Amino acid sequence: EAGDIALYARAGDVVTEVDRVHGFADAAEALFSPDGSTLLVSQVEPNTVAVFDVENGTLAPGNPAAITGIGLAEQMDVVARGATAGLVVVASTDVDGTANVHLLQVGQTPGAAADLGRVALGTASTDIPTAIALQP
C-alpha cells in the first residue's frame, strides 16, 4: 500500500512478507547495511532518512530512528565491502539551495546510523545531485 515499508524474506524460490509499517508517504529509496542488520529509507519531503533495526528479521518495535536535516533526501548508495564498508552517501539539497552529499555510517550497531555530516557541491542548479552511485 502507499506509504508502507514492507520487509520480505526469501527461502529458496519463495518470497514472503514478514513485516510492514505504515506512515511513510514520501519514502523514496530503501537499502540495507552490508551486514543486513540495518535498513535505511530515504524520505524526500520530511528531509529524513529512517533507520530500522532488522537484525531479527522484523521491523523491530520502536523503530525507526531518524536522521533529520538531509534536504530532499532521495537517492542513496552504500559501500558494500572494503575499508569503508557501511559508508552511505545520500544526494541532498538544503533549503538554502546548497547541493551536497550527506554522509552516514552504518554497520557498527544494528538499527543505528552515524551522521558524518555533508560535503557541499555548490549552489548552482547544475550542482544538484540526482542519481548517485559509489564505485567499490
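**Notes on the predicted model**

1. Threonine 98 touches Ser92, Thr93, Ala120, Gly122 and Thr123, leaving aside residues up to four places away in sequence (contact here means heavy atoms within 4.5 Å). Threonine 98 sits in the loop between strand E8 (87-93) and strand E9 (99-106); strands are DSSP runs of at least two residues, numbered from the N terminus. With a relative accessible area of 18%, threonine 98 is buried (buried is under 20% relative accessible area, exposed over 50%, partly exposed in between, with a 1.4 Å probe and protein chains only).

2. A word on the ground rules: this is a predicted model, where local features need pLDDT of at least 70, side-chain atom pairs count only at pLDDT 80 or more, and totals for chains, interfaces and linings use all residues. Residues are numbered from 1 along each chain as its sequence is written, and side-chain values use heavy atoms, with hydrogens and water left out.

3. Which residues of the largest nonpolar core touch the most other members? They are Leu40, Val49, Ile70, Met76, Val88, Val90 and Leu104, out of 13 residues (a nonpolar core is a set of buried Ala, Val, Leu, Ile, Met, Phe, Trp, Tyr and Cys residues joined through side-chain atoms within 4.5 Å). Strand E5 (48-53), strand E7 (76-78), E8 and E9 each supply at least two residues of this core. Apart from it lies another core, of 10 residues, including Ile5, Ala50, Phe52 and Leu59.

4. The ring centres of phenylalanine 24 and phenylalanine 52 are 5.8 Å apart and the planes are at 55°, so the pair is tilted (rings of Phe, Tyr and Trp, the last by its six-membered ring, pair if their centres lie within 6.5 Å; planes under 30 degrees apart are stacked, over 60 edge-to-face, the rest tilted). Phenylalanine 24 is in the loop between strand E2 (14-21) and E3 and phenylalanine 52 in strand E5, so the pair ties together parts 28 residues apart in sequence. Phenylalanine 52 is buried at 1% relative accessible area, and phenylalanine 24 also counts as buried, at 10%.

5. Have a look at aspartate 4, in the segment before strand E1 (5-11). Aspartate 4 is buried, at 16% relative accessible area, and touches Arg20, Val21, His22 and Gly23, not counting residues up to four places away in sequence.

6. Finally, the hairpin: E3 and E4 have five residues between them, and glycine 36 in the turn has a positive phi of about 80°.

Note on methods. Helices (H or I, at least four residues) and strands (E, at least two) are DSSP runs, numbered from the N terminus. Two strands pair if DSSP finds at least two bridges between them.
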